[in-house]
Amino acid sequence: MGFLCLVAPCVAQAAGYLDELIGRSRELRLSERREWRRLMHYTDNLITPGVHSLADARRFFLAPDGKTNPQSELEATLAAFFSEVQETQETQNPQCAFIARYSWLDRELSFDPAHLPRQPCKRFREWRETLNPQGITLIFPAAFLNNPSSMYGHTLLRIDARDQNEKTRLLAYAINYAANTNETNGIAFAINGLLGGYPGMFSIMPYYLKVREYNDMENRDVWEYELDLSPEEIDRLLMHTWELGPIYFDYYFFDENCSYYLLELLEVARPDLDLTSDFRWWAIPSDTVRVVVKQKGLLKGTVYRPSNATVIHHRLGLMSPEERALVNPFARGRATTSDVAFTGLPAESQARVLEVSYDYLSYLRASGKNPVEHPEELARNLLLERSRVGGSANDPPVPVPPVRHDQGHGTSRAGIGGGRRDGLNFVELRARPAYHNLMDPEAGYVPGAQTEFFDLAVRDYSGGVGSRVEEFTPLRIVSIAPRNEFFQPLSWKIDVGWNRRRLANGAEPLVFGMSGGAGLAWTVPDTLRSKTMVYAFLESTLQANTRLENNYALGIGPSLGALVDLSGRWRAEVYVSEQSFLAGDTDTAWTAGLRQRYTLDRDWALRLDISREHEEKQSWNTVLLSLHHYF
Amino acid sequence: MRKILIAVVLSAVPALAFAQQNNIGTCGWGAKLFDGQSGVVPQVLAVTTNGTSGNQTFGITTGTSGCTQDGVVRSSWKTAMFIDGNKDRLARDMSIGNGETLDSLAHLVGVREEDRAAFSRVMQQNVSLIFPSGSTTDDSVVALKQVLRSDRELAQYAASI
């Protein structure tokens, strides 16, 4: 419209229309609407009245006090829409840079294009056209093998294009929110991450890059949750993603993390959803998946995408002994297709051997265990041989796990129990906010992987002892990873916390200790297919307390055990461990026991623990029966 | 809690011929990946790795960056970038004659349903040409184009690469 009138009248006219829009926005109280709150990422202040935005980039706000003042931000946004800035590769008109705000305000206020000319926003339109969206899928990569701490997880969103199907989903785009840093020092990375020291940013990339990263490089199974969003909701999500492109948020690993902001994106898409209010303090990605799944009418379907290691393990289990015996030699360049052991096999078997050998070689390469100097040549030769065999191995696909991760027990746990220890009866209360213990119901969790945070046990003893903290463990991780002729992981454990320790005079102070160990584990009797696990660790413990002789004790010793599922609900673990405290407060301590769990239902379990302990030349028994609830 | 970041530079620098033919510049891009498999200690700290660093290439609204525009792959780069990002899987699926990466490639190249079987067969027969020893991505792209061109049924699709 600019060329139709002289500059001064135009400005006056625009100012008049702006005043009118502001007036109507006040009448409608738009800045108090849920949609505006969501678009601006406003959240209630902790103590004082009012709100603040979680966005930390100055450029996200058009008003100087926009971070804390929804009304002035809304008015400044309306004013900015009158900008005549032309779009270039470097800059955008505010109507385009804040296209989700524009779209919503236009809907509420019905902008008159004669007074507020609409910008073409060519870059956004082309971007959207390339994405060609038809659906949104929430992506959840499960834990790494032998890495219980990665149960914590990660989530991303996938934009499914109109012209794709389940066979071509690799070509979709993924929206990822991540801490943007080149920090390679893990400790600095962890500390900064906990304190929000990194900018978190959204990015968009081909989904195949993420699939390769998770499935092939990190060997994590991936769950895909197809969401039921309308075209308008998908549009809002994309427009808002575009708005957030250049915006950073301070990234906090535990709460304002990848999963939290993806929930916020979904809330922008469908403002009626309330997904984030449960996660003010603590957003475990897998818990955020549960919240999404729980919403009525939001989940359309799920797809399971097994990792390379999962596929290899599955196919090794299907093989005949003759076929399996060839996999290691082929993957390590010690067999050829002219060997009699290979030429004697039917074509279907040959195809299977070559495929699994290639996948296993890929696994070895991704794990940094190259079996030969030029693995790429070996890999190429396996494929050329495979292409000559033709046909198909006709192996069934990896079965979808009957219980998804989000369908497993709740990650918080509280229990009550009673028992007898060294001649005294007691009542015990135990609670931990997260996450999974080896004795918890296993459905939906990675076998052998345990991660617990802030486990607290309090007991009230009879006989005048009274109440006391029995144990407080901020961090406990155990990874029992079975070995076989193809996978040779090291099992490991780490434990940090306070425990009761008996002294020579019979007192039992709460002693701080750190322990860790490495070990080996196998499934028996069949190392590939059995579920019963046996393990052996070598562990070391460091205890610190002023009541210990020399204020500390340093010990080392073995531990052995077996985990057996007696039925689908009943699990037992027998264990024995010994620690020789050789430095500081010297002593020989040992424990032997039997733990049992009976699953009553997904979120309820019974435990019966029996043990005999020995410290400072004294021995005693403990029996504890307890009931645990997961939520 | 050590976090190991491995810079995997997936170089997609095209052969001169390919670049000139398509009238485009170089498209170098990298991705930082976290390798959680190395040793015991790093795994403890992997609890914190729900963030990997991004870069300009996949930044939304960052304008043009080599092979991407505002984070999405330019159409002239789609096939090359797909092959580059899926080399090992694609070579595998070609040698077997089916699979997700092969389906996706067929879709990118625009192969119609009735030609899919022929496409799979020709890919299986020519996997050694498409992935020659020590090949780079641009070698593979050029070879793929030639393989399609020299097949009577599939020649029509050579132009879309």
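Two residues are in contact if their C-beta atoms, placed from the backbone, lie within 7 Å. This is a predicted model: local features need pLDDT of at least 70, side-chain atom pairs count only at pLDDT 80 or more, and totals for chains, interfaces and linings use all residues. Residues are numbered from 1 along each chain as its sequence is written, while chains are lettered from A and ligands numbered from 1 in the order in which they are written.

Q: What share of the contacts in chain A with a separation of 6 or more comes from residues 24 or more positions apart?
A: In chain A that share is 63%. In chain B it is 50%.

Q: Why does A:Ile284 count as buried?
A: A residue is buried if 20 or more other C-beta atoms lie within 10 Å of its own, exposed if 12 or fewer, and partly exposed in between; these C-beta atoms, too, are placed from the backbone. A:Ile284 has 23 such neighbours inside 10 Å, so A:Ile284 counts as buried.

Q: Where is A:Ile284 found?
A: A:Ile284 sits in the loop between α10 (258-269) and α11 (285-294) of chain A. Helices (H or I, at least four residues) and strands (E, at least two) are DSSP runs, numbered from the N terminus.

Q: How many residues of chain A count as buried, as a percentage?
A: Of its 631 residues, 42% are buried. For the 161 residues of chain B, the figure is 46%.

Q: What span does helix α15 of chain A reach, and what is expected?
A: The expected span is 1.5 Å times one less than the number of residues. Helix α15 (residues 347-366) has 20 residues, and 28 Å is expected. From first C-alpha to last, α15 of chain A reaches 29 Å, close to that value.

Q: What makes α15(A) mostly covered?
A: Count its buried residues: 14 of 20.

Q: How is chain A divided into domains?
A: The bounds come from an automatic or database domain assignment. They give domain 1 (2-120), domain 2 (130-305), domain 3 (308-389) and domain 4 (408-630).

Q: How many residues of domain 3 of chain A are in contact with domain 4 of chain A?
A: Four residues of domain 3 are in contact with four of domain 4. The C-alpha centres of these two domains lie 41 Å apart.

Q: Which secondary structure does each chain have?
A: Chain A has 16 helices and 22 strands. Chain B has seven helices and five strands.
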